[in-house]
Amino acid sequence: MMLVGLVLGASGVRAQDLTIEITKGVEGALPVAVVPFGVDGPIPQDLSAIVSADLQRSGRIDVVSSESYHDRPTDVSQVNFPEWRSRQVDNLVVGQVRTEADGRFTVQFQLVDVLQGTQTMGYTFNVGGDELRRLAHRISDLVYERLTGERGAFDTRIAYIKATGQPGSTSYTLVVADSDGDEPQVILRSTEPLMSPAWSPDGNRLAYVSFENRKPEIIVQDVFTGERSTVASYPGINGAPAWSPDGRKLALTLSKDGSPSIYVHDLGTGSLTRLTHGNAIDTEPAWWPDGRSIVFTSDRGGSPQLYRIDSNGGQPARQTFDGNYNARASISPDGEYVAMVHRSGNKFTISVMNAHTREARIITEGSLDESPSFAPNGRMIIYATSRGGRGVLKAVSVDGRVEQSLVSRDSDVRDPAWSPYMR
Amino acid sequence: MTKLLKLLSVTVLVAALAGCASTGEVGGSSDETTGAAPGAGASSYPYGRGGGVSGQAVTGGPEASVADRVVYFDFDSAEIRSDSLTVIEANARYLVANPASIAVLEGHSDERGTREYNIGLGERRAQAVQRAMVAYGVSPQQMRTVSYGEERPAVAGQDESSYEQNRRVEIAYSGNL
């Protein structure tokens, strides 16, 4: 049995493993042109291309191609405003990259309001070559937030499980990639199943379930050093790890004392507290952002529904009453919404429930949708589904209006987890 | 319960009639050996309905085909179906006759629904088979359960027939792991 852990940041797979397809966009998107940045030599990353792709896939911005235009302003002082107004472009992103003597890069960009004829925003950064890609995503976030009023989630990562090969000879990998699927890096490889990756709130660790010892165990792995430690390996089920918002505890599912129940494991003291009891399947815990309660899936009422319990224990309160299958909650960082898997007829879909009004709305088509995970800006949800018999990932806006697919050429991808904001 | 006892008694009867070298008592209770371990060239078979996928007699144990070591389930259910009893009984007989042998009962579900909930369903199914094996006389020490949920399908399709084949418990022996 082969088990290989790799270190994030070391030589990873540079080739694009997941391709993005925009399947839905918003009408009335803001027209923005991203002009190729001025450079003084070969630069390891095409910053304007990354920014263009990010803004385009937000679905709220219509990126106008500037390829056919002769003028390439790299600074607001070089912008010919009447010319750009005639092209029906409202906003311009311009920039320049200067290579420094020490091999680092100074990057300046500006967001220009074409109609007003002024600079809206401008920043200068100094970064190493290996930080350029991330800088491009930060620029996308800055531009997106200024134009839409919403915080962007481009400078974030996703973790997911990739399964390659046929039943009986499947290999499993845990992958971390940019939120656009680019720069995937394998951080764990196994011949036994891997499941349920969960990011620590500081973005440094992933908890997950591994069957490498022929039974499910919960492992915590440092994403940057590759160091692993086994957190739970009790008899029976060890599953569904979920980090508390302060990063000190893991809620998890154990069946060592009977039926699968929710426990809380204190990572500092090692203590284990049982929260739920009874003969039902209780699993898939998710912490409320204030850390004071936990939502989980339970079939104690006959079929899976969401329940909420105080994180110190107590009486669970049922949260979902729509239909006979509601499971696998993901709670938005502001505590406003709960995303879940909802069965409608015989289709499994993603629905989003308003935490205050309890109104829920189905935002995907199904029929095998699962594993919803909120982006840290609370505006997008990544989830897993099936297309043409192949497991794929999709990102959808909370209102269901914007959607992209992330598809692997040769494997099933599943179990996505959107990272927190990276420090 | 009555059905199981009936099967057991009939099995004992058949063994006795077939003249197998048997040191067991006739008309047994549910937790005794129904006969000595099959000697070379002699194997007893349970009298029951059907038996295995091919309609041939079912034998349990590590040498048995996969078909003779799998129990299937209805959608959303962990109930042992009556057509699974021959498989369970045959494997129970092997374990009873080979007290040093360990079996791992691997529970599975089809892919519909959420992954961790399906881990719970797989465990329910494995535990149901374990209880049935205990009813046939197997010592709990000889068995352990593990659930793979939907993570290890037997077949890759997304139609009802594939789902049926994935809702299962596989009885695996050290030799099969």
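Colleague: How many bridges join strand β26 of chain A to β27(A)?

Modeller: Three bridges join them, and the two strands run antiparallel. Strand β26 of chain A covers residues 347-354. Keep in mind that this is a predicted model.

Colleague: Good to know. Which residue in β27(A) stands opposite M353(A)?

Modeller: That would be A360(A).

Colleague: And what is the strand order in the sheet they belong to?

Modeller: The order is β24-β25-β26-β27 in chain A, an open sheet of four strands with antiparallel pairing. At its edges are β24 (326-331) and β27 (360-362) of chain A, each pairing on one side only. On average, neighbouring strands in this sheet are turned by 30 degrees against each other, direction ignored.

Colleague: Let's move to β12-β13-β14-β15 in chain A. What sort of sheet is that?

Modeller: An open sheet of four strands, with antiparallel pairing.

Colleague: Why is one side of β12 and of β15 in chain A left without a neighbour in the sheet?

Modeller: Because β12 (194-199) and β15 (228-232) of chain A stand at the edges, each with a single partner strand.

Colleague: Changing topic: how many residues does the contact take from chain B and from chain A?

Modeller: It takes 26 from chain B and 41 from chain A. The area buried between the two chains is about 2,600 Å², with carbon and sulfur atoms giving 55% of it. In chain B, the residues that lose the most area to chain A are R115(B), E116(B) and Y117(B), together 27% of what that side buries.

Colleague: Nice. How many salt bridges does the rule find across the interface?

Modeller: Four between chain B and chain A. E192(A) forms one with R152(B), where the closest N and O atoms are 3.2 Å apart. The rule also finds 12 residue pairs in polar contact across the interface.

Colleague: Which element gives the largest share of chain B's side?

Modeller: That's α3(B), with eight residues. The elements giving two or more residues to that side are α3 (115-135) and β3 (143-149) of chain B.

Colleague: And how do the residues on chain B's side divide?

Modeller: Into 11 nonpolar, five polar and 10 charged.

Technical notes:
Residues numbered from 1 in each chain as written. Chains lettered and ligands numbered in written order. Predicted model: local features only at pLDDT ≥ 70, side-chain atom pairs only at ≥ 80, totals over all residues. Heavy atoms only, no water. Pairing = 2+ DSSP bridges. Axes fitted to C-alpha atoms, helices over the stretch in contact; angles between N-to-C directions. Contact = heavy atoms within 4.5 Å. Buried area = accessible area lost by both parts, 1.4 Å probe. Salt bridge = Lys/Arg side-chain N within 4 Å of Asp/Glu carboxyl O. Polar contact = N/O pair within 3.5 Å; in protein donor to acceptor, adjacent residues only side chain to side chain. Nonpolar A, V, L, I, M, F, W, Y, C, P; charged D, E, K, R; others polar.
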